[in-house]
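Let me put the model up and we'll walk through it together.

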Amino acid sequence: MSTRRRIATLVALLGVFVVGGKLVHAWPRETPIIYEVGPNIGELDADILEEGEAVLSARFQRATESRPRFTHEPKLRPGRYQLHVTMRDGDDSTFEEVRTLVVPTEGPARFDLAPVSP
C-alpha cells in the first residue's frame, strides 16, 4: 500500500471518529422523569418544550389507591428544556407549574410538585 493511500485512510478514519463522537452526544436518550404530586392530584399533563416548540406531551391519571407520583422515560436529545405541568385535583381545580429540565441527568429527573398542589 502506498504512503498516500495510508495517509488517506488515516484521515478518513479520523474524520469518522470525530463526526461519530459528535453524533453520539446529540443522540436522543431515555430520560427518566418523576413527578411527585400532592395526594389530591388525580391528573397531570406534562408538556416538554425546546426553544418554545413542544417536543413531547404526556398525560397521566392516577388511581386513588396509588402513590402520588407519575413517571415516564421519554427519549430526549441532550439540552435544556422547559417543562409545563398542569395538575387537576378531585374538585377539578387546576394548578400549573413551569420548571427547567436539563438532559442528560444524573439518575432520574425529579420534580417535587407537592408544594404547588393542595
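So, which residue forms a salt bridge with Arg-110? That's Glu-36, with the closest N and O atoms 3.5 Å apart. By salt bridge I mean a side-chain nitrogen of Lys or Arg within 4 Å of a carboxyl oxygen of Asp or Glu. Arg-110 sits in strand 9 (residues 109–112) and Glu-36 in strand 2 (residues 33–36), so this pair ties together parts 74 residues apart in sequence. Strands here are DSSP runs of E, at least two residues, numbered from the N terminus.

Quick caveats: this is a predicted model, where local features need pLDDT of at least 70 and side-chain atom pairs 80 or more, while totals for chains, interfaces and linings use all residues. Residues are numbered from 1 along each chain as its sequence is written, and side-chain values use heavy atoms, leaving out hydrogens and water.

Four strands make an open, antiparallel sheet in the order 4-3-7-8; two strands pair if DSSP finds at least two bridges between them. Strand 4 (53–61) and strand 8 (94–103) are at the edges with a single partner strand each, so one side of each has no neighbour in the sheet.

Back to charges. Asp-45 forms a salt bridge with Arg-88, closest N and O atoms 2.7 Å apart. That links strand 3 to strand 7 (residues 79–89), 43 residues apart. Both Asp-45 and Arg-88 are buried, meaning under 20% relative accessible area, with exposed over 50% and partly exposed in between (1.4 Å probe, protein chains only). Arg-59 forms a salt bridge with Asp-47, at 3.3 Å. Shared partners join Glu-43, Asp-45, Asp-47, Arg-59 and Arg-88 into one network.
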